[in-house]
Amino acid sequence: MTGAARMAALGVSLDGGGWFTALALGVTFLKCLLIPTYHSTDFEVHRNWLAITHSLPISQWYYESTSEWTLDYPPFFAWFEYALSHVAKYFDEEMLKVHNLNYFNSRTLFFQRFSVIFTDGLFVYAVHECCKCVDGKRATKELTEKPKFILSVLLLWNFGLLIVDHIHFQYNGFLFGLMLLSIARLFQKRHMEGAFLFATLLHFKHIYLYVAPAYGVYLLRSYCFMSNKPDGSVRWNSFSIVRVFSLGLIVFLVSALSLGPFLALNQLPQLFSRLFPFKRGLCHAYWAPNFWALYNALDKVLSIIGLELNLLDPSKIPKASMTSGLVQQFQHTVLPSVTPLATLVCTLIAMLPSIFCLWFKPQGPRGFLRCLILCALSSFMFGWHVHEKAILLAVLPMSLLSVEKAGDASIFLILTTTGHYSLFPLLFTAPELPIKILLMLLFTIYSISSLKTLFRKQKALLNWTETLYLLGLVPLEVCCEFLFPFTSWKLRYPFIPLFLTSGYCAVGITYAWFRLYRSVLIGPSVSKTKKH
């Protein structure tokens, strides 16, 4: 076979789907290369959960407190750890002893790292299913310019997911796999499967409650009501009690399977106290770049000014620092302190317009997806004790929209670039500095170049102001990583790098949130009658 013939055969193979396997295998190889890198305390958290679920009866899972890293995920995740523990015992049984705090060796490292890589298989399958849902009818012969190829890279090689799961250490890939698969099933009008997958996901990790309103309203509007009027409004007499009962039965059975054993043990109050620890502070150890980061930043500035001008009594300044690296309660110095109830009210108010549009201005599955992203962003912006990693809850589903419309691609680039950069403080060790910079640069350059190529016949994706803002991340990184450590301010104002990073990124994420909201509010509804 000639060289040209081999290339032609390879082209046919890749166009037939072999390219997706190549992308999946490539990122898996990269994950293996990251095994020796730094891991956070989450590594010990999950080792401890392996030990708890393996060596203790179920009645003690949510009471055990030998380690400070107590089990605080829903029951399905506890059973997930239990299943993993029965594989872990063949690697090293010592890791499964509750009293072996901070236990670590090479066998433990390899098992836990490979358990994340292996369970990512669900994420890979979910991405494959999502690629079937995007508009792939663009007139191009180049494989790398097709929306499905670009989407596969944006999801499989997502920078945030790589560093959070395969350096920092967590199992987000497996969980996001469940979410993306449920989204794909709704796009495919397999509503019952989508509902089942999301109900299951909630009992793996309760952070996905953030997007539950989008699922609930969409399923009621588009599945339980079987048709619309010609103007797109709901046809009230098309309501199906059978479909409502079916959805309710799915939620009930999944919840019963998850919570039933703890209800029988009369342990639901204890379980919920672990899942919703409101005694923690407004912000996580590292500021998530949201509205409260800007609020905290303003409070910090006002307190510094007050101390310099002798307007505040230093002895009355709260000792708990919002950037000390600890998870604790604190009081604001100048501005009013924020309560969990206040954040809940703000979050619900921020979500309501998107929920309203989902009901009164239906835009099909893509309208649902926009609502889901807005619910995720609203919760991220105004929620209580939000983790910076929660930005991925908006970034990953936004990838699906980015390959279909130029406006969504523009929002995606701003949201993803600032959201990913806000994760940098998670990796604070010197060896990981070049890794995180290189990986983010590669992902960001690919995202911008591929989406610009995809929408090259339309106007520029980023205007000059947006471009300057994103380029501003470069001097910000230089200042925080390379200049600040050598200044005298490092001892007096150690919070400044986090202050700058969170504040700067909060501006970009807030801007992306506003832009996405604008597109939803002014977008047209799907006016034609639909039957399911």
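**Notebook: looking through a predicted model**

I began with Val254, which lies in helix 11, residues 241-264, where helices (H or I, at least four residues) and strands (E, at least two) are DSSP runs numbered from the N terminus. I noted that this is a predicted model, in which local features need pLDDT of at least 70 and side-chain atom pairs count only at pLDDT 80 or more, while totals for chains, interfaces and linings use all residues. Residues are numbered from 1 along each chain as its sequence is written, and side-chain values use heavy atoms, with hydrogens and water left out.

**Entry on Val254**

Is Val254 buried or exposed? I found that Val254 counts as buried because its relative accessibility is 6%; buried means under 20% relative accessible area, exposed over 50%, and partly exposed in between, with a 1.4 Å probe and protein chains only. Leaving aside residues up to four places away in sequence, I listed Phe76, Phe196, Ala199, Thr200 and His203 as the residues that Val254 touches, a contact being heavy atoms within 4.5 Å. For Ala199 I also looked up the C-alpha distance to Val254, which is 6.6 Å although the two are 55 residues apart along the chain.

**Entry on the whole protein**

I then looked at the protein as a whole and recorded 22 helices and zero strands. Of its 532 residues, 54% are buried. Among contacts with a separation of 6 or more, 77% are between residues 24 or more positions apart. The accessible surface comes to about 24,000 Å², and 69% of this belongs to carbon and sulfur atoms; such areas come from the Shrake-Rupley method with a 1.4 Å probe, and for residues only the protein chains shown count as cover.

**Entry on Ser115**

Next I turned to Ser115 in helix 4, residues 106-119, which counts as buried because its relative accessibility is 5%. Its side chain makes a polar contact of 2.7 Å with the side chain of Tyr171. By polar contact I mean a pair of N or O atoms within 3.5 Å, where within protein one must be able to donate a hydrogen and the other to accept it, and residues adjacent in sequence count only if both atoms are side-chain atoms. Not counting residues up to four places away in sequence, Ser115 touches Leu84 as well as Tyr171.

**Entry on helix 19**

Which residues of helix 19 are buried? In this helix, residues 464-471, I noted Glu466, Tyr469 and Leu470. Seen down the axis of helix 19, the buried residues fall within an arc of 95 degrees, so they line one face of the helix; the arc is that of the directions from the helix axis to the C-beta atoms. These buried residues pack against helix 17 (406-421), helix 20 (473-483) and helix 22 (496-522), whereas the face turned away from the buried side carries the exposed residues Trp464 and Leu468.

**Entry on positive phi values**

Phe169 lies in helix 7, residues 159-169, and counts as buried because its relative accessibility is 0%. His385 has a phi of about 50 degrees and is found in the loop between helix 15 (364-382) and helix 16 (392-402). His385 is also buried, with a relative accessible area of 8%.
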